[in-house]
Amino acid sequence: MTRPTPTSDGSCCGPAIVAAASAITTAAVSAALGRAGSRLRRRLERTNFHGRAVSLRGGVGAAAGAAAAGACAGRLLYDANVPAGANVAIAAVTATTAAGAAGLVDDLDAGAHDGDAPAKGLRGHLAALRRGHVTTGALKVAGIGAGALVAGGLITRGRTQAGALTAVADAAANAVVIASWANLHNLLDLRPGRALKAAVLTAVPLLVDRRPSAAAGRALAAGTLGVAGAALPEDLGETTMLGDTGANAVGALVGTALAAHPRVGVRVAAALAGTGLVLASERVSFTRVIEGNRFLSAVDRCGRRTS
């Protein structure tokens with residue numbers, strides 16, 4: 001059998017390979033944790049909004065799958081000689097690993113260090129910080145932000161810039177996109193499958209963009225679909241949950257794909273949308289908005305358990 005030769009834009013079967021690698025990694029890590037010792041399984045067990053016992057192993061698997069998507073995309077984009085493809089892939093691995101690790105710390109702590117009143121939302125963690133109390137939520141924000149800054153700079157290095165100020169502005173915008181979308185997916189993870197569905201809906205338009213300049217974003221979008229495809233069944237079935245670990249990592253992967261988009265207008269729109277929705281969440285309940293809209297509610301409930 002003749003091995004297919006990648007094209008110069010990395011379009012061959014690259015996205016399918018990235019999707020498969022991320023799906024296999026997600027499923028394998030989640031399954032391995034499901035067979036772990038009882039002590040670890042209990043540590044990962046949580047109670048969801050229905051009062052059912054679910055496991056955070058799904059989120060750990062999703063985070064591993066998101067990082068694998070970046071690594072696999074990097075190998076394929078490098079082999080296909082995609083300009084700056086390796087930079088974007090390294091950025092994805094950096095952002096997803098930082099976001100997943102920061103989320104895991106917060107998940108395992110489960111608010112134990114928040115004090116008498118658990119801190120909620122960005123405002124709550126910042127208020128605790130002003131009182132001199134460092135919550136794991138605040139550490140998570142710092143970890144995601146640091147990873148996003150490094151990733152944003154890596155993406156900018158692969159672009160042709162007119163000058164230093166332009167490069168700084170571009171890197172900052174990239175970081176905002178990655179950090180805000182990582183946080184946004186975490187905010188959406190209040191019902192089974194919701195964050196993963198949002199990731200899929202964002203990734204599909206990036207995947208169908210066949211331009212050579214969109215090859216890196218297309219590969220990461222394929223990885224997002226692979227992670228979602230592997231994690232959704234158990235998430236919707238309320239056997240596992242993403243938690244901060246999985247939601248932040250998947251969101252960071254989506255954010256990196258958006259930050260790699262060749263059009264400045266798309267990147268700016270992504271930064272504004274991500275930041276705006278995160279800030280809006282401090283005052284508006286996403287669940288109330290979704291359940292109050294017939295179309296959004298139908299999408300949100302699709303595939304979920306009814307009892």
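Thr256 is found in helix α10, residues 243-259 (helices are DSSP runs of H or I, at least four residues, numbered from the N terminus). This is a predicted model, in which local features need pLDDT of at least 70, side-chain atom pairs count only at pLDDT 80 or more, and totals for chains, interfaces and linings use all residues. Residues are numbered from 1 along each chain as its sequence is written, and side-chain values use heavy atoms, with hydrogens and water left out.

**Around Thr256**
- Thr256 is buried, with a relative accessible area of 0% (buried means under 20%, with a 1.4 Å probe and protein chains only).
- Setting aside neighbours within four places in sequence, Thr256 is in contact with Val88, Ala91, Ala92, Ala95, Ile155, Ile178 and Leu220 (contact means heavy atoms within 4.5 Å).

**α1 and α9**
- The axes of α1 (residues 14-34) and α9 (residues 215-236) come within 7 Å and cross at roughly 35 degrees (axes are lines fitted to C-alpha atoms over the stretch in contact, with angles from 0 to 180 degrees between N-to-C directions).
- Residues making this contact include Ala19 and Ala23 of α1, plus Ala222 and Gly226 of α9.

**α1 and α3**
- α1 and α3 (residues 57-79) also have axes that come within 7 Å, crossing at roughly 150 degrees.
- That angle is why the two helices, α1 and α3, count as roughly antiparallel (over 145 degrees).
- Among the residues that meet here are Ala21 and Thr25 in α1, and Gly61 and Ala68 in α3.

Technical notes
Buried < 20%, exposed > 50% of the residue type's maximum accessible area, 1.4 Å probe, protein only. Parallel < 35°, antiparallel > 145°, perpendicular 65-115°, else oblique.
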